[in-house]
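Here is my note on the model you sent. Please read it with the structure open beside you.

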Amino acid sequence: MPRSRPGRVRAGLPRRPRPGDREGAVPGLSGSALAEIRRLERRDARLWPGSAGRAWECWRDFVRHPDRRQWDLYETGLCTEWACCGDPWEARERLDTVLAAMSRRGARELRRLVDALDARY
């Protein structure tokens, strides 16, 4: 019986998880859209692994918070320093950057989720 080529053996093995694979995933997207976002984050210099997912979480948390429209956040106990918790406006701009760079199909999926949050805001 002939010996299997090493490349063929390795191709059948499960891929080891890379940093940023699970963290920063946008819930509700298909696997192909998530894979496209991961490829885009590795290719685009303005993004880094997990940046789209973190931007999604920051924008979602800001929109869902009941006190988001109040000017005086100090009395409510919220963190007023965007540097430590993330700036929601930068996060929204990062989502726009990702949407502009994605294919039509992938962008349509992400746009559906972002539009739902925008309508709530």
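The points below go from the whole chain to single residues.

1. **Ground rules.** This is a predicted model, in which local features need pLDDT of at least 70 and side-chain atom pairs count only at pLDDT 80 or more, while totals for chains, interfaces and linings use all residues. Residues are numbered from 1 along each chain as its sequence is written, and side-chain values use heavy atoms, with hydrogens and water left out.

2. **Overall build.** The protein chain has six helices and zero strands. Here helices (H or I, at least four residues) and strands (E, at least two) are DSSP runs, numbered from the N terminus. The order of elements from the N terminus is α-α-α-α-α-α.

3. Of the 121 residues in the protein chain, 34% are buried. Buried means under 20% relative accessible area, exposed means over 50%, and partly exposed lies in between (1.4 Å probe, protein chains only). The protein chain exposes about 8,900 Å². Carbon and sulfur atoms supply 51% of that area. Accessible areas come from the Shrake-Rupley method with a 1.4 Å probe; for residues, only the protein chains shown count as cover.

4. **Contacts along the chain.** Take the contacts (heavy atoms within 4.5 Å). Among those in the protein chain with a separation of 6 or more, 68% join residues 24 or more positions apart.

5. **Helix α3.** This helix covers residues 51–64, which is 14 residues. From first C-alpha to last, α3 reaches 20 Å, close to the 20 Å expected at 1.5 Å a residue. The expected span is 1.5 Å times one less than the number of residues. Why is α3 largely enclosed by the rest of the structure? Ten of its 14 residues are buried. Among them are Trp-56, Trp-59 and Phe-62. Arg-60 is also on the buried list.

6. **Salt bridges.** How many salt bridges does the structure hold? It holds five. A salt bridge is a side-chain nitrogen of Lys or Arg within 4 Å of a carboxyl oxygen of Asp or Glu. Side chains of opposite charge can pair when their charged atoms come close. Asp-44 is buried at 15% relative accessible area, whereas Arg-46 is exposed at 54%.

7. Arg-92 forms a salt bridge with Asp-96, with the closest N and O atoms 2.5 Å apart. Both sit in helix α5 (residues 88–101), and because they are four residues apart, about one helical turn separates them. Arg-92 is buried at 13%, while Asp-96 is partly exposed at 34%. Arg-92 also meets Asp-118 in a salt bridge (2.6 Å, N to O). That pair links distant parts of the chain, 26 residues apart, with Arg-92 in helix α5 and Asp-118 in helix α6 (residues 104–120). Asp-118 is partly exposed, at 25% relative accessibility. Shared partners join Arg-92, Asp-96 and Asp-118 into one network of salt bridges.

8. **Met-102.** Where is Met-102 placed? It lies in the loop between α5 and α6. Met-102 is buried, with a relative accessible area of 8%. Leaving out residues up to four places away in sequence, Met-102 touches Ala-33, Glu-36, Ile-37, Leu-40, Ala-107 and Leu-110. Take Ile-37, which is 65 residues from Met-102 along the chain. The C-alpha atoms of the two are separated by 7.4 Å.
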